[in-house]
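User: I am new to this structure. Can you take me through some of its details in short steps?

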Amino acid sequence: MKNQLSKITPLHQEIMHQTRARVDSLVKPQGSLGALEEIAIKLSGIYGTTKPKIEKKAVIVMCADHGVCAEGIASAPPVVTWVQSLNIAKGVSGVGALAKAAGATVYTVDIGIDQPDKHPTLIDKRILNGSGNISKGNAMTYKEATDAVQVGIDMVKRAVDEGHNLIATGEMGIGNTTPSTAILALLTGKSPFEITGVGANFPVDQLDHKAAVIEKSISGKKINLDDPIDIIASVGGLDIAGMTGIMLGGAIYRVPVIVDGYISTVSAILASKLVPNLNDFIFASHASEEKSAALATSLLGLKPYLNLNMRLGEGSGAVLAFNLLEAACTMNNDMITFEEAGIGVV
Ligand SMILES: Cc1cc2ncn([C@H]3O[C@H](COP(=O)(O)O)[C@@H](O)[C@H]3O)c2cc1C
Ligand SMILES: O=C(O)c1cccnc1
């Protein structure tokens, strides 16, 4: 991984400069297509061409269980991770349906489901049968965390090799808002009692219990906060690790990655600690309704484009932003310039 990260190169500044000049010359008041203009310019810097084009899109969904569910921090039982992962692979879950609408491939990855069996419809990258109970010890070893991040990097390579040049992140893991909030508490210094949200409809009157479990998970551990792998090993999860790898994979293989909601955003924050210019390669999608999603997004430093009051996860919000990136390319490719239109600049 270290070797791969050291080869990441900056965005193509000269090409972005040329794309900006072209976007400014298109037949519209300068700046009037707002974020679409910025998206087109950023994409040109990633792809290294003034006329980028989206070929095929894929959402990679990392599925894993969390030992901390034993503490009663989620409304659904852990077996839902397995059942719902199969539904995602079948295309009948939230992300399945929305990916179909977007014309995107879905890669459903078993990176750590706690089941005795594997399933042929899931891509078998299982590192562990679920992470450890973080309120009683570490989630996993440092090596397991490293391997799980590598799974994400390798999945991006596979998607790119299979013709995709735009990736979205997703996850399925009952209980995963708990490690996500533990990570956010560590990185912001905020109290879990201040930032813990309901996740998948955990009862509000039991939120203090969830926060107390998170507090217990982060206190008394010696964690190197400058090392995201150590953070994942101590209080993370395999799905979070896999998504961290997807973000890194985007920068390594030079394909844009769209971040989904709360859990994805926390994974992106971890990835940005390994790649300082990570934000050049990733795009936020929607503003999740989860309590601390806005805090996570502001820490990451990206602005979500959509506000649809969603809070599902799975990659459901990220796949909706495929269309925005495609629209930005179409704007840049298909609009004519003032000169071509035979009128003066407005
Ligand atoms: C049926 C069902 C489908 C889901 N799809 C995504 N999530 C979302 O909810 C979970 C995180 O919330 P918590 O930490 O409260 O468990 C993750 O699996 C996330 O993907 C779901 C949750 C449920 C119950
Ligand atoms: O924002 C998300 O991605 C989210 C929020 C709640 C539960 N699961 C996912």
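This is a predicted model: local features need pLDDT of at least 70, side-chain atom pairs count only at pLDDT 80 or more; totals for chains, interfaces and linings use all residues.

User: Which residues of helix α5 are buried?

Analyst: Helix α5 covers residues 94-102. Buried here means 20 or more other C-beta atoms within 10 Å of the residue's own. The buried residues are Val95, Gly96, Leu98 and Ala99.

User: What do the buried residues of α5 pack against?

Analyst: Their partners include strands and helices. The strands are β1 (56-64), β2 (105-112) and β4 (164-172). The helices are α4 (79-90) and α14 (316-320).

User: Are α6 and α11 oblique or parallel to each other?

Analyst: Helix α6 spans residues 142-161, and helix α11 spans residues 238-253. Their axes come within 6 Å and cross at roughly 45 degrees. Angles under 35 degrees count as roughly parallel, and those of 65 to 115 as roughly perpendicular. The two helices are therefore oblique.

User: Is the crossing of α6 and α11 left-handed or right-handed, and how many charged residues does the contact have?

Analyst: The crossing is right-handed. Among the residues that meet are Val149 and Lys157 in α6, and Leu248 and Tyr253 in α11. By class, the contact has 15 nonpolar and seven polar residues. The charged count is one.

User: Which residues come nearest to ligand 2?

Analyst: There are 13 residues around ligand 2. By class, this shell has five nonpolar, five polar and three charged residues. Those that come nearest are Gly261, Tyr262, Ser288, Glu290 and Gly313.

Technical notes: Residues are numbered from 1 along each chain as its sequence is written. Chains are lettered from A and ligands numbered from 1 in the order in which they are written. A residue is buried if 20 or more other C-beta atoms lie within 10 Å of its own, exposed if 12 or fewer, and partly exposed in between; C-beta atoms are placed from the backbone. Helices (H or I, at least four residues) and strands (E, at least two) are DSSP runs, numbered from the N terminus. Two residues are in contact if their C-beta atoms, placed from the backbone, lie within 7 Å. Axes are lines fitted to C-alpha atoms, for helices over the stretch in contact, and angles run from 0 to 180 degrees between N-to-C directions. Angles under 35 degrees count as roughly parallel, over 145 as roughly antiparallel, 65 to 115 as roughly perpendicular and the rest as oblique. A crossing is left-handed if the near helix is turned anticlockwise from the far one by less than a right angle, and right-handed if clockwise. Ala, Val, Leu, Ile, Met, Phe, Trp, Tyr, Cys and Pro count as nonpolar, Asp, Glu, Lys and Arg as charged, and the others, Gly among them, as polar. A residue is near a molecule or strand if its C-beta atom, placed from the backbone, lies within 6 Å of it.
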